[in-house]
Amino acid sequence: CVGASARAAAAGGEAASQAQVSLEVLASPSPKRYLHVSSISEWAPRMIGPYCQMTSAGGVAHVAGNLGLIPHSMVLAEGGVAPQTRLALANSAAVLRGLGHDSRNCIGLVVYVTREEDLSLVHRICRAWLRRQAVAPAGAPLPPLLVLQVGGLPMGAAVEAQLEAAASQTGTLLLAEWVEVHQSVLLRCSAAVVAAADQAAAHGSGDEGGEGTLHRVMLQCLVNAAHTADLDLAHLARAVREARASLLARLSQALGSGRLCGSSFTRCFCMIQLGFDMGVVERALLQGCCAGGESGTPAVLALPVERVGHGGAQMALQVHLGIVTTRRRS
C-alpha cells in the first residue's frame with residue numbers, strides 16, 4: 001500500500017499539510033480476484049460509483065465500504081442508525097460470500113458514523129456482530145474494530161462498514177490484544193494475522209534448518225494520553241515501535257521466530273480538535289517506522305476525523321505489515 005501524502009511527507013511535509021485529497025493505492029502480485037455487483041440483485045447492493053466492491057489478493061479479501069442499503073430497492077433501511085448498521089454488516093458479509101470467503105475470518109472492521117451520539121450504539125452492535133462471527137471461545141480476542149465519526153457519507157447514510165477478511169483456506173491464524181505505555185502515550189493494541197497467499201517473498205528467508213512462511217498482519221493501536229498528559233508525537237512513534245516488537249514476540253511464540261518482511265503501511269486517523277498538522281504526524285510516524293528494522297520503504301497516511309469512538313482515544317493507527325516466521329526442522 002502506498003499513501004500519496006506519505007510520499008509528500010517524506011519529501012518535506014508541506015504538500016501533505018495542504019492536501020485536500022489523499023489517494024491510497026493497494027498493490028499486490030497476481031493472481032487477484034474481483035467482485036462487481038453492477039445490477040439490481042436480492043443478495044447485495046449494486047455499486048453506487050466506479051469502484052470494485054471486493055478485491056481478493058495476497059491472502060486478504062478487501063471489501064469496499066457498504067451502506068445500510070436494501071439490495072433490491074437501493075433504499076437506506078428505515079429506523080435510523082441501528083438498522084443501517086446491521087444491514088451494512090450483512091451486506092459486507094454477502095459481498096465476501098460472493099467469492100467464497102467467510103465473515104468468520106474477519107481480520108478488521110472499520111465503521112464510519114456521522115453523528116457523535118451514535119458512536120456508542122454502533123460500537124456495541126459491531127462488537128456483538130464480531131462476537132457472533134467468531135470461531136474462538138467466548139472472551140477470546142476479537143478482530144480489530146475501529147469506529148470513527150466523519151463529516152458525511154454517500155447518500156446521506158448514517159453509517160458505513162468496511163471489512164477485511166482472510167482469503168486463504170487457513171483463515172485467521174492469530175488474534176491478540178494488549179496494552180503498551182510509553183511516557184505520554186498509552187496504546188490499546190489489537191492484531192490479526194493471516195497466511196499470505198503468495199509465499200514467494202518468504203522463499204529462502206528461513207534460518208538454516210528452517211523454512212520461512214509469509215504472513216499478512218493488521219495491527220491496530222488506539223491512542224490515549226497516559227496520565228492525563230498531552231500527546232507527544234515523538235513518544236507516539238516510540239510506542240508504535242514497541243507495539244510492533246510486542247507483536248513480533250507474540251507471533252514468534254505462536255508460529256515460530258519472526259522478522260519484518262518488506263514495507264509497512266500505516267494509516268493514522270487523528271481527531272481534528274487535537275490541532276496536529278497531518279504532515280507533522282506523518283513525518284513522526286515515518287521516523288518511527290524507519291527505526292523499526294524494515295527492509296523496505298514504509299508509507300504513512302494521516303487523515304483528520306471528527307472523533308475516534310473508543311473510550312477517550314484521540315488517535316487510531318492501522319499498521320499493515322508483512323512478517324516471515326520460521327520454524328526449525330526437528
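A residue counts as buried when its relative accessible area is under 20%, as exposed when over 50%, and as partly exposed in between (1.4 Å probe, protein chains only). By that criterion, 53% of the 330 residues of the chain are buried. The model is predicted: local features need pLDDT of at least 70, side-chain atom pairs count only at pLDDT 80 or more, and totals for chains, interfaces and linings use all residues. Residues are numbered from 1 along each chain as its sequence is written, and side-chain values use heavy atoms, with hydrogens and water left out.

**Overall fold**

The chain contains 6 helices and 18 strands. These elements are DSSP runs numbered from the N terminus, with helices (H or I) of at least four residues and strands (E) of at least two. A contact means heavy atoms within 4.5 Å. Of the contacts between residues at least 6 apart in sequence, 75% join residues at least 24 apart.

Asn-224 belongs to strand E13 (residues 210-225). Its side chain makes a polar contact with the side chain of Arg-188 at 3.2 Å, and the side chain of Asn-224 also reaches the backbone oxygen of Gly-311 at 3.5 Å. A polar contact is a pair of N or O atoms within 3.5 Å; within protein, one must be able to donate a hydrogen and the other to accept it, and residues adjacent in sequence count only if both atoms are side-chain atoms. Leaving out residues up to four places away in sequence, Asn-224 touches several residues, including Ser-184, Leu-231 and Ala-313.

Ala-313 sits in the loop between strand E17 (307-308) and E18. Beyond its neighbours within four places in sequence, Ala-313 is in contact with Arg-188, Leu-222, Val-223, Asn-224, Met-271 and Val-308. The C-alpha atoms of Ala-313 and Ala-225 are separated by 8.0 Å, although these residues are 88 apart along the chain.

**Buried residues**

| Residue | Relative accessibility |
|---|---|
| Asn-224 | 12% |
| Met-74 | 10% |
| Cys-189 | 4% |
| Ala-313 | 2% |
| Cys-126 | 0% |

**Cysteines**

The structure holds 0 disulfides, a disulfide being a pair of cysteine sulfur atoms within 2.5 Å. Cys-189 is in no disulfide, and the nearest cysteine sulfur, that of Cys-221, is 3.9 Å away.

**Cavity**

There is 1 cavity of 30 Å³ or more. On a 1 Å grid over the protein atoms alone, a cavity is a set of points where a 1.4 Å probe fits but cannot get out, and lining residues have an atom within 4 Å of a point. Grid points are joined across faces, edges and corners, and a volume is the space filled by probe spheres set on the points. The largest cavity has a volume of about 70 Å³. Strand E8 (106-113), strand E10 (159-166) and strand E18 (315-328) are the elements that give two or more residues to its lining. Among the lining residues are Leu-109, Gln-162, Met-218, Arg-267 and His-320.

**Backbone angles**

Most residues other than glycine have a negative phi. Met-74, not a glycine, has a positive phi of about 55 degrees and lies in the loop between strand E6 (69-70) and strand E7 (75-76). Gln-183 has a positive phi near 50 degrees, and Gln-183 lies in the loop between strand E11 (172-182) and strand E12 (185-195).

How values were computed
1 Å grid on protein atoms, 1.4 Å probe; cavity = no way out; pocket = protein on both sides within 12 Å on 5 of 7 lines; lining within 4 Å.
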